[in-house]
Number of protein chains: 2
Amino acid sequence: MDLGWSKLTMGDVATRAGVAKTTLYRRWAGKNELVVDAVAVLFDELELPDLGSLMADVEGVVLQFAALLERPETKTALMAVVAESTRDDALRGRIRSAIVDRQKRLVLVGRERAQARGELPYEPDPTASARHTDLIFDVVAGAVVHRALVSAEPVDEAWARDFTLLICTGLAATA
Amino acid sequence: MDLGWSKLTMGDVATRAGVAKTTLYRRWAGKNELVVDAVAVLFDELELPDLGSLMADVEGVVLQFAALLERPETKTALMAVVAESTRDDALRGRIRSAIVDRQKRLVLVGRERAQARGELPYEPDPTASARHTDLIFDVVAGAVVHRALVSAEPVDEAWARDFTLLICTGLAATA
DNA sequence: AGGCTTTCGCTACGAGCCGTAGCGTAACTG
DNA sequence: CAGTTACGCTACGGCTCGTAGCGAAAGCCT
């Protein structure tokens, strides 16, 4: 949506987009809604590669996610809107529907592929399956975000391999 | 430090603390530094319970961390300062030393206990050991934060049990 | 073509918050 | 009791959000 996000101000966004500031307020209710939509578009770039094994697929999406989080506009916008959502219930719901629930597709696709390959068993109970999906999503997304933005250390291939091994081993052994 | 954090403004903080706003600026360089110190104090409350098994210890600290994140002042302050750190290198370093590195003690203690119990093997290589510590810390802290603040779903005992099982199984199997 | 509606740009503005300057005052020290 | 230190208070500049009001451009309908 934007390239530079040097600062996260509506005036800058309007200038960069080549429109007037008032136009932004005619299309979005406020800064929060605009940023959520922008972040959601960025996250839609993510795709699950089909590399032949569960571990390779997970490692691939982890590195994709890390690359997305390295872009200054992504991490700043994402964290700003999450921080704001701790005080705004409506915004929290908007994040859930526009970002979280949308990207769970990656977990669903990955698990289906792993099941088709025989790497993971089928889960007949739909509620247990949904809980499992949520758990995996929070673990993967949370770990990458925490590593990149809180610990502030690089999500490189070595880390991705270690992480993927830990998770996939746990998944295979608990199932 | 404060109780209500209805809003995260220096004026409110000063009023609530019973001091003048200028006094805060005489003690801290700015809002960010103050909030980091406040959050660091809150995180120092965490302790690793000694419940007799690795899984029980992990589950206990996960629930403690979740309880900490449920307090409005904690989650708002933590995410606000993390968001700001995406644009401020000095602040990022301050978070690392005051919060991240400090709380890694929980991982170190937990692993030592598990090794003493024979649940986990000893790791002779110190760099590999440090990498492992960082990985576990990011996975546990990241997953809990993501579940609580991004997915915005409760970190209850059922989730803590599922998560702990996944992680501890992976830890035991990969080691 | 002409009128009508919608959309957009622009300027100006009020409000809230950050961080600072300047001055007065209380408390502590020797 | 003089000197230093720490604090309170008011006022202010600067930045940003979000809104109001007016004018212009573009599409639509007949």
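Buried area is the accessible area, found with a 1.4 Å probe, that two parts lose on being put together, summed over both. Keep that in mind as you work through these exercises on a predicted model.

**Exercise 1. Get to know chain A.**
Find out how many helices and strands chain A has, and what its C-alpha trace spans along its principal axes.

*Solution.* 
- Step 1: Go through the elements of chain A, and you will count eight helices and zero strands.
- Step 2: Read them from the N terminus on, and the order is α-α-α-α-α-α-α-α.
- Step 3: For the dimensions, the C-alpha trace of chain A spans about 55 × 35 × 25 Å along its principal axes.

**Exercise 2. Describe how chain A and chain B meet.**
Work out how much area the two chains bury between them, and which elements of chain A give two or more residues to the side that touches chain B.

*Solution.* 
- Step 1: Begin with the residues in contact: chain A contributes 45 and chain B contributes 45.
- Step 2: Turn to the area. Between them, chain A and chain B bury about 3,900 Å², with 66% of it on carbon and sulfur atoms.
- Step 3: See where the loss is greatest in chain A. Leu135(A), Asp138(A) and Leu166(A) lose the most area to chain B, together 16% of what that side buries.
- Step 4: Look at one of these residues again. Asp138(A) also forms a salt bridge with Arg147(B), where the closest N and O atoms are 4.0 Å apart. Across the whole interface, the rule finds five salt bridges.
- Step 5: Name the elements. On the side of chain A that touches chain B, helices H5 (72–85), H6 (89–117), H7 (126–150) and H8 (157–174) each give two or more residues. The largest share, 13 residues, comes from H7(A).
- Step 6: Sort that side by residue type: 23 are nonpolar, ten polar and twelve charged.

**Exercise 3. Explore the largest pocket.**
Find how much space lies in the largest pocket and which element gives the most to its lining.

*Solution.* 
- Step 1: The space in the largest pocket comes to about 430 Å³.
- Step 2: It is lined by 21 residues, and the closest to its centre are Ala83(A), Glu84(A), Ala80(B), Ala83(B) and Glu84(B).
- Step 3: H5(A) gives the most, with six residues.
- Step 4: By type, the lining divides into eleven nonpolar, four polar and six charged residues.

Key: Residues are numbered from 1 along each chain as its sequence is written. Chains are lettered from A and ligands numbered from 1 in the order in which they are written. This is a predicted model: local features need pLDDT of at least 70, side-chain atom pairs count only at pLDDT 80 or more; totals for chains, interfaces and linings use all residues. Side-chain values use heavy atoms; hydrogens and water are left out. Contact means heavy atoms within 4.5 Å. A salt bridge is a side-chain nitrogen of Lys or Arg within 4 Å of a carboxyl oxygen of Asp or Glu. Helices (H or I, at least four residues) and strands (E, at least two) are DSSP runs, numbered from the N terminus. Ala, Val, Leu, Ile, Met, Phe, Trp, Tyr, Cys and Pro count as nonpolar, Asp, Glu, Lys and Arg as charged, and the others, Gly among them, as polar. On a 1 Å grid over the protein atoms alone, a cavity is a set of points where a 1.4 Å probe fits but cannot get out, and a pocket is an open set with protein on both sides within 12 Å along at least five of seven lines; lining residues have an atom within 4 Å of a point. Grid points are joined across faces, edges and corners, and a volume is the space filled by probe spheres set on the points.
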